[in-house]
Structures are given as C-alpha cells and as structure tokens.
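These are my notebook entries on one protein structure. I record what I looked up, entry by entry.

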Amino acid sequence: MKTLLLICDGMADRPVPELANKTPLEIAKKPNMDWLAKRGICGLMDTIAPGVPPGSDTAHLALLGYDPYETYTGRGPFEAAGAGIELKAGDIAFRANYATVDDKLVVKDRRAGRIHGTEPLSAAVGEIKLKGAEFIFRSTVGHRATLVLRGDGLSHEVTDSDPHEEGKKPLQIEPLLHAPEQAVPAYPIIVGGVRKYVVRRRRAAKTARLLNDFSRKAYEILKTHPLNRERVKKGHPPANYILLRGGGIVPHLKPFHERFGIKGACVAAAALVKGVCRLAGMTVVDVPGATGGVDTDLDAKAKAALRALETHDLVLLHVKGFDEASHDGNARAKIGLIERTDAMLNQFIDMADFIAVAIDHTTPVSVRQHTSDPVPILISGPGVRADDVRTYGERSVAKGGLGWIRGKNLIPIIVDLMGKGIKFGA
Ligand code: ZN
Ligand code: ZN
C-alpha cells in the first residue's frame, strides 16, 4: 500500500469579498481534488487545537503524528536540520542572520542588503573554536544561516542577540533564568527543585557566555573578510555581524517508521518542513528547482515524489507557495497555484493507493497571517467510507465523514486505512 500525502502550506482561506465571498480554494478549478473528494472521506482539522494559529513547524510536527506541545522546542533545531546539519539530541540550534553593523556596532541593516552567497563567510566563521562547545555554522538561504552548539552542559534557555530593529546594537545574550539568589525568593516553588534550577541556570549562563564570545569573534573575522571588503568597495553593506535568535534544544523524536511501522519520505523546498521530517527520521529528498515560492518547479517535485513512492510507503509532498501568496495578500497568485497543483496531482491517481490532501494552517489573504480556522482534509483510497462531499473546500468538507479531527490524528487514521494500525488493548 502506497500513500501520497499532499500538504498545501497555508492554502485554506476565508471568504474573500472580491471573490463573491468565496475562498480561493472554492473559486479555483481543481477537478482532481474534487474527484478525490467525491471518492474519498473528508472533514475538518485543527492542526494544533481549536483557536491556536499554527506555525509551519509545529503544524508539521502534528501532521506527522507528534504532539507539538510535547516535542516542540523552538524553531532553531528544525531550521538547522533543514539546512542538512546532522543533529544529535541535546544540540542547541539557533537561527542566524547576516547583518550590517557600523563601527559603533549599531545595526544598519538586519539582512546585510539581502546578501546571497554567504558560504565563504560561513566557512570562515565555522573555523571559530572556543573551549566549552563545538560550533557548527552553515549558510542557508540568502542572508540566513544556522548555528549549532554541541557539547556537555549547554542550554537553550538564553535570550536572542537580534534586536529585531535597525538603529540598535545587538543585544548581549543572557540566561533566561534569574540568578538563583533572585529566583528563589521570587519563585518559592521551582519546578524540579532548587538544585535542578541552579544547574539549569549555570548551563544557561555558560551558553550565553559562549555565544557572546562567538559573536565577538565572528565580528572580528567578518569585518576584515575579503568578501566584505569587496562589498564595501562596490557600495554594498558588508555582512559583518551575525544576529542569533530562536534558540532551541534538539528534541528526541521517536522515528516515524518505529512509531507507525511505515517508511516515510519527504519532498519539500521549505527548510523548516525538511527539518521536521529529517528529525522525524524520514528520507528527505532534495529537488533542484523547488523554490518554496509560487514559481516552484511542481513537475520536478512530482517526479521526485513518484520516485520516492517506489521505495517508501508514504510520501509527504509539500507545496509552500500558497502561504507566500497569502502573506502577500495575493488571491490571484493563490488561485493560480491551486490550479497548477491540482493538475500536478493527476499523475498520482494511478500511482498511489491512498491520496490524502491536507493543509497545515489557514492563511487568509485578507489577514496575511496564519489563523486558527480549521482546514479541509480528504483521504481517498480503497475501503474508505466515501461520504456525500462533492468538492474539496473549506465549507464543503464540513459534512464529511471524518468529522473534525486534530492534526496529530491524521497519520494514525491513514496508517490504519493502509492496514498497519496498531491495536490498543487486547
Ligand atoms: Zn505553513
Ligand atoms: Zn506563513
């Protein structure tokens, strides 16, 4: 049994007045999704919980069957895993930005003129050695990068150095926990006891010190780096400072195949989604031409997904561009991508036993942010109790046979339909 799980990032919407109060999904021509909805079972899904707007990372944890409240530890680890760094449980990972600071260390541009091609800079920064931890630094996309700290006695309970504003200096990284002598009277009951708190605080203080030292060293290296001298000569802002944020400890996720007894693969462009899948132990397929935008090469992604289906039980195919179009408030681009994605879906109809279409969250073009509105889902394949739903849309699926589920229920439902459900009890 083979399953294609298509996840359309942010595809769900709210009624748009300019579209006669229909949603982009309701307006778009999508014969394949509608055909699957007719033959399948449909319903609504709260990816995290009712009323909680999901991030793409927590949403995908849930969509892979993990409880996001138990497993999510910040964005950094997922971003780092998505960048292809082999992480170990216990590593501390941050998102990093190349920024421009002046001689007084005031941030002039948080994105260093949206620089590209920072790999030589990251190679130089990656040489930094400090006693107490190993530093792994890697460029990702554009001005973005990721920093991983590996070693004993480290903590993710530290603040960001990113001031999130230009015209300010980078912030000193501090432990998030009060010094024990301040904390103990303020919090008479400390979770895990005072001793444990003191250890946590000591680790956080050590990590903060290491990160501040790293930031200083990186600045020294970057301000004289030939690539930056060249940029200054050309009148471009130099990428001479690394701003850190979103620190998190790498969680231990029980591998997907151990939890569900099926082999999973992921075809995605978005680093965050790749990271979640990689940390879940799935095969992550890199697709040249997959950009994560509305211009992504859907055909290349479909081919990669079809190939992955030959050797895996379930392939998660992620299309990101809907969310980008929604953040831009561009309903037309969204409708266009829905129609292209629907056309792409056609080639899976004879190649997969089960096809599930899901969405990680609603991103209304009118709001330009993620909202908590539940998303429509459909599962089509042998044995499903087909319902009366005729089209795949936010409102039409409400009368479907799946009812209203949570994100973490989706994979167990699919796995059981595939004949691999794990019985609870005798
Ligand atoms: Zn998303
Ligand atoms: Zn988004």
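Entry 1, terms and numbering. I count as donors of a metal the N, O and S atoms within 2.8 Å of it (3.2 Å for Na, K and Ca); water is not among the atoms, so sites may look incomplete. I note that this is a predicted model, in which local features need pLDDT of at least 70 and side-chain atom pairs count only at pLDDT 80 or more, while totals for chains, interfaces and linings use all residues. Residues are numbered from 1 along each chain as its sequence is written, chains are lettered from A and ligands numbered from 1 in the order in which they are written, and side-chain values use heavy atoms, with hydrogens and water left out.

I looked up its donors and found Asp9 (OD), Asp9 (OD), Ser56 (OG), Asp360 (OD) and His361 (NE2), at 1.9 to 2.7 Å. Along the chain these donors follow the spacing D-x46-S-x303-D-H. Distant parts of the chain are linked here: Ser56 sits in helix α3 and His361 in the loop between β11 and β12, 305 residues apart. I take helices (H or I, at least four residues) and strands (E, at least two) as DSSP runs, numbered from the N terminus. Ser56 and His361 are both buried, where buried means under 20% relative accessible area, exposed over 50% and partly exposed in between (1.4 Å probe, protein chains only).

His327 counts as partly exposed because its relative accessibility is 29%.

In which order do the 8 strands of the open sheet lie? I read the order as β9-β8-β10-β1-β11-β12-β2-β13, with mixed pairing. The edge strands, each pairing on one side only, are β9 (283-285) and β13 (403-406). Two strands pair if DSSP finds at least two bridges between them. Strand β2 (residues 41-46) is joined to strand β12 (residues 375-380) by 5 bridges, and the two run antiparallel. Within this pair, Met45 stands opposite Val375 in β12.

I checked which residues of helix α2 (residues 31-39) are buried, and they include Asn32, Met33 and Leu36. Their cover includes β2, α14 (331-345), β11 and β12, contact meaning heavy atoms within 4.5 Å. Between α3 and α11, Ser56, Asp57, His60 and Leu61 meet Leu272, Val273 and Val276.

Ala20 has a positive phi of about 55° although it is not a glycine, and Ala20 lies in the loop between β1 and α1 (24-27). At 62% relative accessibility, Ala20 is therefore classed as exposed. Leu105, also not a glycine, has a positive phi near 65°. Leu105 lies in the loop between β3 (92-101) and β4 (107-109). With a relative accessible area of 30%, Leu105 is partly exposed.
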